Amino acid sequence: MTRLEKNDRLVRLGLLMIALSAISVLAIITLFIFEQGTPIMFRYGFKSFLLGQDWYPSEKSFGLLPMIVGSLMVTFGALIIGVPLGLASAIFLTEFSHRRLTRILKPVIELLAGIPSVVYGFIGLMFLVPFIRDNFGGPGLSVLAASLILGIMILPTVISIAIDSIRAVPDSYREGSIALGATRWQTVRMVVLPAARSGIIAGIILGMGRAIGETMAVIMVAGNAADIPGSILAPVRTLTSNIALEMAYASGEHREALFATGVILFIIIMILNTIANVTSTRQRKK
Amino acid sequence: MKQRGILVRDFSHYYGENRSLNNINLDVYRNEILGIIGPARSGKSTFLACLNRLNDLIPGSRVEGKIVVDDQDIYGPEVDVVALRRKLGMVFATPVPLPLTIYENIVFGVRLLGKNNRPELDEIVEDSLEKAGLWAEVKDRLHTSALKLSGGQQQRLCIARVLALKPQYIMLDEPTSGLDPISTMKIEDSLRTLKKDYTIILVTNNTKQAARVADRTAFFLMGELVEIDETRVVFTRPSDKRTEAYLEGKFG
Amino acid sequence: MGGQLKLQPRTEQKVVQVFMYLMTSIAVLVLVFILVVILKNGLPQLNLEFLTKNPADMGREGGILSTIVATIFLTFIALLVATPLGVGTAIYLTEYTVESRITRIIRFGAECLAGIPSIIFGLFGFILFVNKLKFGWSILSGGLTLAFMVLPTIIRTSEEAIKAVPPAYRLVSFSLGSTRWQTVTRVVLPSAIPGIVTGVILSIGRSIGETAAVIFTAGSALRMPTSLFSSSRTMSVHFYILAKEGVSMPKAYGTAAVLVISILVINIVTYYLMEKYIKRKS
């Protein structure tokens, strides 16, 4: 082996080490969160964490059910608002609007993806919360407010991924369908959407991950009461808010319980990631 | 007796399970132009890639047999592949100037060796461009982008870039396939001049080009070497029926 | 669809088209509304004093200079760490290996990392950097946490930029006697630089806007950072505290405007670079 080839091997080895950084970071994060969060779960039993309804850290009562339900409710709410709006926009922008309009609107929507989440929360707090309080009753800080804000926040994600997967459908499919006498909408409904389905689903799952993981915006509009909400106008606390609200002053078992909250959140996100990963790989293979 | 530069013995090449070259035996003499003709996918380009081991870059590539260049078995364990590629300069079918200036394109290979002495580089640039017949056309814009040259100029730039390496062999893979007749003529002219100092292997799908410039011609078909002889002999009295058929345009 | 309500295909098409038009208008208008509100209320707060004075009285008075400085430091550290790691990973994935189990694991790791909520990064950074490594609430802890957060973005954009470099360039470079590393540094990277820069800029935008991961790692002390180990409050954390605690709405709007304008400028630059150097080529 010549000197150059030896150098080349060294470089390859060095780069492999660097390339393993991403996966190592993931491993370290997992390790630390679980190391901090699981002992307390074993001590008190998984059941009391997952199904306990009372969160009174000062009295050693660490029921996370209200937060789990809260996260699921606002995420579901976000999807009810974000998915129809997002999909309709994506279909409109790819199949029905003028090319020029799409050229302007798509970047605008993607730019708005960069607005920090605190800003969304702030707008929710200033406009949405008073609006809900005055028109529907309740404190305004509510499941509804959180769902609306999250629904808007996931719009850019859902729209841009849906646009990309609709665009990936070959034009020959559309031409074939239109040549058979279908209208534009029939073509979209019966040919384009089924072909783009797995990409769209991956986009929705990513949006879902974003909604369930969002913290600051939710804290500002959700009211944060650690009870299972009785209606969509009642305040709600999510897993993420639970961590962020109490981390600053928690210590001892209280802090461990917050890490346990992180563990549950982590597991939910990993499941979603894996589903999204599998779905999008499947589309790529097709 | 002419001096032999390259010896190819019982050489086969595989991509995965597919055999792309089958038991090739031939010699390349010094300071000749060896033309290689044959229809598409006959293994001509693969053969060139095997000579300077560019085939190493393709996953699943595997060889059998022996190629000896200047008394060195190039698939032997002690071979410096980088030095081998400098010795056998390569010009590709489509001209690919790197996105650099004309000057930097020419000295790219020289700089790789760590030579950065300006007067020395200047001399190499002028010398290589002169030999490739491009100096007069570009000497006033050496520091502009090479991408702005015409197709024919770009291909001559690629030849000059190879010459700057001071190779012993120049391999050209259908170098004029995308060019107009005048550019083609200019390149053929430079090849005839270059023959004095270099050994040239010219792969071409244009049989007339081989007839015009090659001293000897080899005919490849489906990974096999059908025949190799003086160009005059191959074109007038081919010993194999398939060569005759190909030259008459019956296939390919 | 269909069901009881049977429409002529043409009529159905018209109805659907109007519906989609409305939905798109709502989506776009809501997003634009947010922008307009922030700028309309925030721009009047902006003046030289706001940008060049430190906050006083918990942020009720003065400007936001120290938070701007803290944001810049934090972002700088994040990119200093994440850029070499991300670009190195991309080079390995594209130039030094073929698709295999290892590359799939690396890509999967990067994708998972991209999906982890910022609050989890915050928890992790708090335990590792603030507690275990004893960096305390500091610029360093916050910067390292952000570095891990933006790493997947840099990997992905660099990989795309490197893949967009024509394969013929590599072949030519090898044929002229380059080693792999010379090919990477002299041919591939120079052509991929604009795309890589795009990823870096995108990461700057994310770092500036991040709150949850920063608040538990960089802290929220309202003073000018003096060293890597100073606890300091970034713009977005400052904005969050002003708004959440109701300290001062005018100052909150002003901070939000600075935040939003800088991120918009960054994203517009990115978008322009992306159009010019990545999408066109591939």
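The lining of the second largest pocket counts 24 nonpolar, 10 polar and 15 charged residues. The model is a predicted one, and in it this pocket has a volume of about 1,300 Å³. Lining it are 49 residues, and the closest to its centre are D56(B), L57(B), I58(B), F174(C) and R180(C). Several helices contribute two or more residues to the lining: α1 (3–44) from chain A, α1 (44–51) and α2 (81–87) from chain B, and α3 (65–95), α6 (139–163) and α7 (167–175) from chain C.

On the side of chain B, 31% of the buried area is supplied by L57(B), F108(B) and L112(B), more than by any other three residues. L57(B) is also among the residues closest to the centre of the second largest pocket. Across the interface of chain B and chain C, 0 salt bridges are found.

Chain C also meets chain A. In this contact 77 residues of chain C take part, together with 73 residues of chain A. Chain C and chain A bury about 7,100 Å² between them, and carbon and sulfur atoms account for 81% of it. Within chain C, the residues that lose the most area to chain A are M20(C), L31(C) and L123(C), yet together they make up 9% of what that side buries. The count of salt bridges between these two chains is 2. One of them joins R189(A) to E12(C), with 3.5 Å between the closest N and O atoms.

Within chain C itself, the domain assignment gives domain 1 (10–45) and domain 2 (48–279). Taken over C-alpha atoms, the centres of these two domains are 30 Å apart. Their contact involves 8 residues from domain 1 and 9 residues from domain 2. Between them the domains of chain C bury about 720 Å², of which 84% lies on carbon and sulfur atoms. Three residues of domain 1, namely L35(C), I38(C) and Q45(C), supply 61% of the area that this domain buries against domain 2, more than any other three residues. How many salt bridges does the rule find across the interface of domain 1 and domain 2 of chain C? The number is 0.

Technical notes
Residues numbered from 1 in each chain as written. Chains lettered and ligands numbered in written order. Predicted model: local features only at pLDDT ≥ 70, side-chain atom pairs only at ≥ 80, totals over all residues. Heavy atoms only, no water. 1 Å grid on protein atoms, 1.4 Å probe; cavity = no way out; pocket = protein on both sides within 12 Å on 5 of 7 lines; lining within 4 Å. Points joined across faces, edges and corners; volume = space filled by probe spheres on them. Helix = DSSP H or I, 4+ residues; strand = E, 2+ residues; numbered from the N terminus. Nonpolar A, V, L, I, M, F, W, Y, C, P; charged D, E, K, R; others polar. Domains from an automatic or database assignment. Contact = heavy atoms within 4.5 Å. Buried area = accessible area lost by both parts, 1.4 Å probe. Salt bridge = Lys/Arg side-chain N within 4 Å of Asp/Glu carboxyl O.
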